[in-house]
Each structure stands twice: as structure tokens, then as C-alpha cells.
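Let's take a walk through a protein together.

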Amino acid sequence: MTDILTEIIANKRIEVAEAKKRLPQAELEAQLQPRQYLSMRQSIEAKPYGIIAEFKRRSPSKGWIHPDAQVEDIAPLYETGGAAAMSVLTDSKFFGGSLDDLQQARSLINIPILRKDFIIDEYQLVEAAVAGADAVLLIASALTQEECADLAKKAKELGLEVLLEIHKPSELPYITPDIKMVGVNNRNLGTFHTDVENSLKIAEQLPQGITLITESGIRSVEDVRRLGKAGFRGFLIGEMLMKTADPGDTLSKLVNSL
């Protein structure tokens, strides 16, 4: 498989440029309203196993997973099913999502919401805040260290928490004082192959005082327990839930089994 991340980032630059033309950043910022942000980190740490339940219709590697999925059907069930937070894919071309999905989720639930996208510009951080996100994903492999640090600082100014996603130990220097949550992605963004052993290999090298989250490839209660013993407090789970007919029920059964 070709390097999908490179293709996604190239497309994202075009999307952001077009969005700025439609609605300049100053006008977007004017839409910001004072509100109570919910701490994803605190919500995760408050649970023995903090499940971040993801809403995802498709992926570049799997194609359509749950094409007819509707936020209004799934988001409330994620909350009642015991999720510590909800992750919403907002990329349209590759994942079938939108900021409208996030905005709708915000109107329905009272748990933290993560905007999961390929963020390369502070404009997207403002979009996230306006739409109702509490946290945003920054992907180390999609950014330089300087870009990542600048975006994390801007996110903090907006009241957003940052989940920094890393894939390998060489990306540990991306962690700055503005970043309190680090997610180890078990999916290779070049090939999209997943292996939870990636989290286990990196766990011991992660700094103290950071909330550790493992992402992708989690397929069973045993995976969650094993990763929990390695120090992970958050577990971002998407495909395992979304490939079922009732993602909310699947989540509830998982949480009750832990």
C-alpha cells in the first residue's frame, strides 16, 4: 500500500485553504462562544479503563465499515454505555465524517469529545472549538516538532486539550509541557497494518505524569487488560465497535466485561 498519510495530508492542505477562502479565520473566531470545556484527561483517569469510543464510518484500509451510521443513534449509547469520551472522525474524503457529526454529538452528550482529524493548521483548532470539541488529535508523523508545539500552544489558548499521537520512540521529543495525553498508535500510517505490541514496546519509554492512551487494533477484553497492566489508562476503540450492528451495545458489553 502506498503511503496513505502523505496523500491525506496533501488533500488536507487543499481542504484547509479552501475553507479559509469560504470563511476567513477572523470570521470563524468570531463564532467562538464561552462554554464549559470537559476534560478528556480527567474523564479517562477517573475510570479503571477509560474507553474513548470512536464514531467512524469508513477508513482508507477497510473501506466502508458502517456507511449508514448516524450520530444521533450512536452518540447517546456511547455515553450510557460507559465511554470516558467520544472520538469523532471529521475527515470527509478518507473517513466519511464531518464537523457536522461532531457538532451534532456535542448537542446530544455530556462526555468529552475528541476531534480526530489530520490537523496541520491552527484554523482547524478554531473549527474544533466552534464545533464543540473538548480535545484535538495532533499526529507527530504529520507535523514537524515546531509545528506540533505551536499547535499545542494554540489549542491550550483555545481551551482544548491535546492528544499527541506517536508511532515510534523517535517521536517522544514532540511531547511539550502543553501536552498531557500521549497516544501510541498501533497502526502504521504508511501501510495501515495494526499490532498492539507497538504500544507495549513504547510504554516503558513514555514519561511520568502523562496520561497514556493506546489507539487502534484493540480487538478484545484481553487486549484492554494487557495494555492496562502496561500503564495505559485510555483505549481508543473504533473499528471493533463500528463494525457491529449496534456499536453502543458492543461498547456496553465490553465495559461490563472489564
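Let's begin with Glu-239 and Lys-62, which form a salt bridge, their closest N and O atoms being 3.9 Å apart. Here a salt bridge means a side-chain nitrogen of Lys or Arg within 4 Å of a carboxyl oxygen of Asp or Glu. Glu-239 sits in helix H10 and Lys-62 in the loop between S2 and strand S3 (63–64), so the pair ties together parts that are 177 residues apart in sequence. The names come from DSSP runs numbered from the N terminus: helices are H or I runs of at least four residues, and strands are E runs of at least two.

A quick word on what you're looking at: this is a predicted model, where local features need pLDDT of at least 70 and side-chain atom pairs count only at pLDDT 80 or more, while totals for chains, interfaces and linings use all residues. Residues are numbered from 1 along each chain as its sequence is written, and side-chain values use heavy atoms, with hydrogens and water left out.

Now for the overall fold. Eight strands close into a barrel, in the order S1-S4-S5-S6-S7-S8-S9-S10, and their pairing is parallel. From one strand to the next, the twist averages 25°, with axes being lines fitted to C-alpha atoms (for helices, over the stretch in contact) and angles running from 0 to 180 degrees between N-to-C directions. Two strands count as a pair if DSSP finds at least two bridges between them. Strands of a sheet pair through backbone hydrogen bonds, either parallel or antiparallel.

Strand S5 (residues 113–116) and S6 pair in the parallel sense over two bridges, and Arg-115 has Val-136 in S6 as its bridge partner. Further along, strand S7 (residues 161–166) and strand S8 (residues 181–185) run parallel with four bridges, and Ile-166 stands opposite Val-184 in S8.

How many residues of strand S6 (residues 135–139) are buried? Five of its five residues are, where buried means under 20% relative accessible area, exposed means over 50% and partly exposed is in between (1.4 Å probe, protein chains only). In a regular strand the side chains alternate between the two faces of the sheet. In S6 both faces are covered: Ala-135, Leu-137 and Ile-139 are buried on one side, and Val-136 and Leu-138 on the other. Over in strand S8 you'll find Asn-185, which counts as buried because its relative accessibility is 4%. The C-alpha atoms of Asn-185 and Leu-236 are separated by 9.3 Å, although these residues are 51 apart along the chain.

Back to the charges. Side chains of opposite charge can pair when their charged atoms come close. A search of the whole structure finds 18 salt bridges. One joins Asp-91 to Lys-12, with the closest N and O atoms 2.7 Å apart. This pair links distant parts of the chain, 79 residues apart: Asp-91 is in the loop between strand S4 (85–89) and helix H5 (99–108), and Lys-12 is in helix H1. Asp-91 is buried at 0% relative accessibility, and Lys-12 is buried too, at 2%. Both belong to a network of salt bridges that also links Glu-15, Arg-115, Asp-117 and Glu-127.

Arg-57 and Asp-101 meet in another salt bridge, at 2.7 Å from N to O. Arg-57 is in the loop between strand S1 (50–55) and strand S2 (58–59) and Asp-101 is in helix H5, so this pair ties together parts that are 44 residues apart in sequence. Arg-57 and Asp-101 are both buried.

Finally, let's look at the gaps. Rolling a probe the size of a water molecule over the atoms shows where empty space is left. On a 1 Å grid over the protein atoms alone, a pocket is an open set of points where a 1.4 Å probe fits, with protein on both sides within 12 Å along at least five of seven lines, and lining residues have an atom within 4 Å of a point. The largest pocket has a volume of about 300 Å³, a volume being the space filled by probe spheres set on the points, which are joined across faces, edges and corners. Its lining has 17 residues, and Glu-15, Arg-22, Leu-99, Arg-115 and Glu-127 lie nearest the centre. Helix H1 gives the largest share of that lining, six residues.

The second largest pocket holds about 220 Å³ of space. Among the residues nearest its centre is Glu-239, the one we started from in the salt bridge with Lys-62.
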